[in-house]
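Subject: Structure for your review

Dear colleague,

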Amino acid sequence: MTAALVAGLLAGYGIAVPVGAVATYLVSLTARTSLRTGVCAALGVATADGLYALVAALGGTALAAALRPVLVPLRWASALVLVFLAVRGAVTAVRHYRGRRLATRSAPPPPSPARAYLALLGITLLNPTTVIYFAALVLGTRAADAVSPVEQGVFVLAAFAASASWQLLLAGGGALLGRLLTGSRGRLVTALVSSGVILLLAVRMLL
């Protein structure tokens, strides 16, 4: 059971720690909204990681092979969603900045915590690399060993906890960034930089 716990923690941190487009969007979203919204969004990412860990634990490495035919379409869908988020974030930030300067329009309502949770859950679920990662990293090296349901459960919970702890750390960083950049110009720069990074990462995903 200890081995399953350690394997789950390592797998969860292994997939969560590398900063990608989703992590960048999470930090930017929290900076523009609130810590509560960021926490819900972070839990959405962790839930997706936990679900993929569960699917990998139940399906094993055979699932990774089954996903290969649809890997490219899913990667394109994920990239297109990220491009949309990057463009929308930049456009919203510019409009918000101009609206404050001209005092002719109010700020757009921020997404609710529930909406942020569902949005990040959906974005993360679009990436099949996660389940292939879990299957290849952990289950693929133990294909000959029988894994009990308890060990599978420990692995999944540990992977979820590891991912959640890291995503919550990112959300906390985004909340701190939002407090530091309280001015409209600071928030505009933050949103534009974040959108640019997300766009580059989406293009890199396709290449």
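Predicted model: local features only at pLDDT ≥ 70, side-chain atom pairs only at ≥ 80, totals over all residues.

Residues are numbered from 1 along each chain as its sequence is written, and side-chain values use heavy atoms, with hydrogens and water left out.

The whole chain

The chain contains 8 helices and 0 strands, where helices (H or I, at least four residues) and strands (E, at least two) are DSSP runs numbered from the N terminus. Along the sequence, the pattern is therefore written α-α-α-α-α-α-α-α. Of the 207 residues in the chain, 38% are buried; buried means under 20% relative accessible area, exposed over 50%, and partly exposed in between (1.4 Å probe, protein chains only). The accessible surface amounts to about 10,800 Å², and carbon and sulfur atoms provide 70% of that surface. Accessible areas come from the Shrake-Rupley method with a 1.4 Å probe, and for residues only the protein chains shown count as cover. Among contacts (heavy atoms within 4.5 Å) with a separation of 6 or more, 90% join residues 24 or more positions apart.

Helix α1

Helix α1 covers residues 2-16. Its 15 residues reach 21 Å from the first C-alpha to the last, close to the 21 Å expected at 1.5 Å a residue; the expected span is 1.5 Å times one less than the number of residues. The buried residues of α1 are A4, A7, G8, A11, G12 and A16. Seen down the axis of α1, these buried residues fall within an arc of 145 degrees, so they line one face of the helix. The arc is that of the directions from the helix axis to the C-beta atoms. The face turned away from the buried side carries the exposed residues T2, A3 and L10.

L10 also belongs to a nonpolar surface patch, together with L5, V6, L9, Y13 and V17, and the patch has about 480 Å² of accessible area. Patches are made of residues with over 30% relative accessible area and no salt bridge, with like charges joined within 9 Å and nonpolar side chains (Val, Leu, Ile, Met, Phe, Trp, Tyr) within 5 Å. A salt bridge is a side-chain nitrogen of Lys or Arg within 4 Å of a carboxyl oxygen of Asp or Glu. V6 is partly exposed at 40% relative accessibility, and Y13 is partly exposed at 35%. The C-alpha atom of V6 is separated by 7.7 Å from that of A158, although the two residues are 152 residues apart along the chain.

Helix α5

The 13 residues of helix α5 (residues 113-125) should span 18 Å, and the end C-alpha atoms are 18 Å apart, which agrees. Its buried residues, P113, A116, L120, L121, I123 and T124, fall within an arc of 165 degrees and so line one face of the helix. On the other side, A114, R115 and L118 are exposed.

What does T124 contact, leaving aside its neighbours within four places in sequence? T124 is in contact with V22, V45, A48, D49 and Y52. T124 counts as buried, at 7% relative accessibility.

Yours sincerely
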